[in-house]
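Please read the following report alongside the sequence and the coordinates.

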Amino acid sequence: MGASSQNAFAGTTPLDRGAETSYKGINHMSATTSTVAPTRASARAEGVSKFYGTGDATIAALKDVYVTLEAGQFTAIMGPSGSGKSTLLHMLAGLDRPSSGEVYLGDIQISSLNDKALTLLRRDQIGFIFQSFNLLPTMSAAENIVLPIRIAGRKPDQAWVTSIVDKLGLADRLTHRPTELSGGQQQRVAAARALASRPQIVFADEPTGALDSASGTELLGFLRKAVKELGQTVVMVTHDPTAASYADRVLFLADGHVVDEMNEPTADAVLDFMKHLGA
Ligand SMILES: Nc1ncnc2c1ncn2[C@@H]1O[C@H](COP(=O)(O)OP(=O)(O)OP(=O)(O)O)[C@@H](O)[C@H]1O
Ligand SMILES: [Mg+2]
């Protein structure tokens, strides 16, 4: 995992507070208009490779990957452990840079942005649900959820935030700090935080990994609804064929390559395919 992905908040680091650099080509979304659907932009990797280490110890986590994640679609990324799923997600979300190749969000070549512009773009346009939650321990659930919006100097759209909180079953946990929440509840707070600012695209790395099956189903249903009803673009890494069946499309990675894809997946079809991949 890249060091930059360890930031407590991708896109909401102290750096953001002073960042004035603007980026062009993406409409800024209003955080106060609850009826506006997210602007649609696809995410693209073009010939992306990522190497870790040097010399004999070099690991090629991604090898010349070309992929387009359609706007307004729910895409799942699957593959064996170590196949490069998290690495690909981090490249697409601008959390880490490719060793070679280009990454685009809509018309913006994000791999060529300077750190300041990239930080700003992440803050405003990209939501990321980390497997490890990355909540701030000193703040309540409610404060964690709106923190990125506050740091951006905007006012949260309270109706929207409340609807997310309700749908994720967090209404009675809002005043609690992360240490007073179960793993599943923390994961849901992390999901609410990623969606609160209505980003153009939401990336999620195994978002149901820590959830019991009822909470997992709830979260997946919520993500799917965000795609279907609000045009949200969602990209989710998962090991779970049932979770993948909520997606419109599944990409399969093996050994740093995209080896196949499946449209309108069912859990059984995904499971069958995973057996062949040896996942
Ligand atoms: N920061 C890093 N330094 C060195 N190697 C790394 C680093 N991050 C990832 N790797 C290696 O790159 C390869 C791909 O890792 P990645 O985390 O993308 O896999 P993954 O498909 O997400 O696996 P998992 O399902 O276990 O989460 C692995 O061999 C991993 O060990
Ligand atoms: Mg991973």
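## Basis of the report

The structure is a predicted model, and every value given here is computed from that model.

## The shell around ligand 1

Ligand 1 is surrounded by 14 residues, of which the closest are Tyr52, Ala61, Ser81, Ser86 and Thr87. Two elements, strand S2 (59–69) and helix H2, each give two or more residues to this shell, and H2 gives the most, with three residues. Sorted by class, the shell around ligand 1 holds four nonpolar, nine polar and one charged residues.

## Helix H2

Helix H2 spans residues 85–92, and because eight of its eight residues are buried, H2 is largely enclosed by the rest of the structure. Just after H2, Gly94 adopts a positive phi of about 70°.

## The pairing of helices H4 and H6

Helix H4 (residues 141–151) and helix H6 (residues 183–196) have axes that come within 8 Å and cross at roughly 30°. Since angles under 35 degrees count as roughly parallel, H4 and H6 are therefore roughly parallel to each other. The crossing in which H4 passes H6 is right-handed.

On the H4 side, the contact is made by Ala141, Asn144, Ile145, Val146, Pro148 and Ile149, while H6 contributes Val189, Ala192, Arg193 and Ala196. In terms of residue class, this contact of H4 with H6 comprises eight nonpolar, one polar and one charged residues.

## The surroundings of Ala243

Ala243 belongs to helix H8, which covers residues 241–244. Is Ala243 buried or exposed? Ala243 has 26 C-beta neighbours inside 10 Å, and a residue is buried if 20 or more such atoms lie within that distance, so Ala243 counts as buried.

When its neighbours within four places in sequence are left aside, Ala243 is in contact with Thr208, Gly216, Leu220 and Thr238.

Methods
Residues are numbered from 1 along each chain as its sequence is written. Chains are lettered from A and ligands numbered from 1 in the order in which they are written. This is a predicted model: local features need pLDDT of at least 70, side-chain atom pairs count only at pLDDT 80 or more; totals for chains, interfaces and linings use all residues. Axes are lines fitted to C-alpha atoms, for helices over the stretch in contact, and angles run from 0 to 180 degrees between N-to-C directions. Helices (H or I, at least four residues) and strands (E, at least two) are DSSP runs, numbered from the N terminus. Angles under 35 degrees count as roughly parallel, over 145 as roughly antiparallel, 65 to 115 as roughly perpendicular and the rest as oblique. A crossing is left-handed if the near helix is turned anticlockwise from the far one by less than a right angle, and right-handed if clockwise. Two residues are in contact if their C-beta atoms, placed from the backbone, lie within 7 Å. Ala, Val, Leu, Ile, Met, Phe, Trp, Tyr, Cys and Pro count as nonpolar, Asp, Glu, Lys and Arg as charged, and the others, Gly among them, as polar. A residue is buried if 20 or more other C-beta atoms lie within 10 Å of its own, exposed if 12 or fewer, and partly exposed in between; C-beta atoms are placed from the backbone. A residue is near a molecule or strand if its C-beta atom, placed from the backbone, lies within 6 Å of it.
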